[in-house]
Amino acid sequence: MTPFAAPDVRFGASRRDRWRYLIFIGPITVTSVLTILAAVPPGGSFMLALVAAPLWLWSLCAWVAVLAIGELRRDLILVLAPPFIGALALVLAYSDIPMRTAFLVSESALVEYADSLPEGEKWTGAKERVGLFTIDGAQRRQGVTHLFTTGGGILEKCGFAYVSDGNLKDLDASTVNHITGDWYATCTDFD
């Protein structure tokens, strides 16, 4: 072979490479998807976070195995992809982008549901699927409509509030974050 010969270039991954990618990049991909899904309901999903926590450890162990095996360590995709995928998932989850995106997709269904509630009723507690969210409680009183979603922590109740007159003093919540228009994400801590 001459010093100026063209390198051996292969297009596409071999069957062995595909298995490597599946085994070593698959865990972080599954973990990242679960983490992003756990960030969709206001306050997060405690149960999905419990499932994702040990998967983060499993993903870390898979990545450390890549770093420990010399043959795998030479594959830049196996070395760089897991930390990049994990960091991207954590940034998305902590930036509220999944919750805001799911809300924007579901906004028309949430507005329709909120408008259908009778004024002054104390509490409606039936579980209903509205858009991408499961509403497990609703209340409409004094121009404020509370839609409580499944999710949140053990000692908190989270959901959405529609405040038509813009008077946030009527919201009885520990945290209130503006989403869009007259809609707010709320969480009430019970501890």
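At the start of helix H4, a side-chain oxygen of Asp75 comes to within 3.2 Å of the backbone nitrogen of Ile77. That is a polar contact (a pair of N or O atoms within 3.5 Å; within protein, one must be able to donate a hydrogen and the other to accept it, and residues adjacent in sequence count only if both atoms are side-chain atoms). The model is predicted: local features need pLDDT of at least 70, side-chain atom pairs count only at pLDDT 80 or more, and totals for chains, interfaces and linings use all residues. Residues are numbered from 1 along each chain as its sequence is written, and side-chain values use heavy atoms, with hydrogens and water left out.

**Overall build**
- The protein has 5 helices and 6 strands. Helices (H or I, at least four residues) and strands (E, at least two) are DSSP runs, numbered from the N terminus.
- Read from the N terminus, the order is α-α-α-α-α-β-β-β-β-β-β.
- Of the 191 residues, 36% are buried. Buried means under 20% relative accessible area, exposed over 50%, partly exposed in between (1.4 Å probe, protein chains only).
- Among contacts with a separation of 6 or more, 51% join residues 24 or more positions apart. A contact means heavy atoms within 4.5 Å.
- The accessible surface is about 11,500 Å², and carbon and sulfur atoms hold 64% of it. Areas come from the Shrake-Rupley method with a 1.4 Å probe; for residues, only the protein chains shown count as cover.

**Helix H4**
- H4 covers residues 76-94, 19 residues in total.
- Its first and last C-alpha atoms are 27 Å apart, close to the 27 Å expected at 1.5 Å a residue. The expected span is 1.5 Å times one less than the number of residues.
- Buried in H4 are Leu78, Val79, Ala81, Pro82, Gly86, Ala89 and Ala93.
- Just after H4, Asp96 has a positive phi of about 65°.

**Nonpolar cores**
- The largest nonpolar core holds 17 residues; Leu110, Phe133, Leu147 and Phe160 have the most contacts inside it. Such a core is a set of buried Ala, Val, Leu, Ile, Met, Phe, Trp, Tyr and Cys residues joined through side-chain atoms within 4.5 Å.
- Helix H5 (97-116), strand E2 and strand E6 (183-189) each give this core at least two residues. H5 supplies the largest share, 6 residues.
- A second, separate core has 9 residues, including Ala62, Val66, Leu78 and Val79.
- Beyond residues up to four places away in sequence, Leu147 touches Leu110, Tyr113, Ala114, Leu117, Ile135, Gly137, Ala138, Gly159, Phe160 and Trp183.

**Salt bridge**
- The whole structure contains 1 salt bridge. The term means a side-chain nitrogen of Lys or Arg within 4 Å of a carboxyl oxygen of Asp or Glu.
- Asp136 pairs with Lys157, their closest N and O atoms 2.8 Å apart.
- This pair links distant parts of the chain, 21 residues apart: Asp136 lies in E2 (residues 133-141) and Lys157 in strand E4 (residues 156-163).
- Asp136 counts as buried because its relative accessibility is 16%. Lys157, at 21%, is partly exposed.

- Ser59 sits in helix H2 (residues 46-68). Its relative accessible area is 5%, so Ser59 is buried.
- Neighbours within four places aside, Ser59 contacts Pro27, Ile28 and Thr31.
- Ser108 belongs to H5. With a relative accessible area of 57%, Ser108 is exposed.
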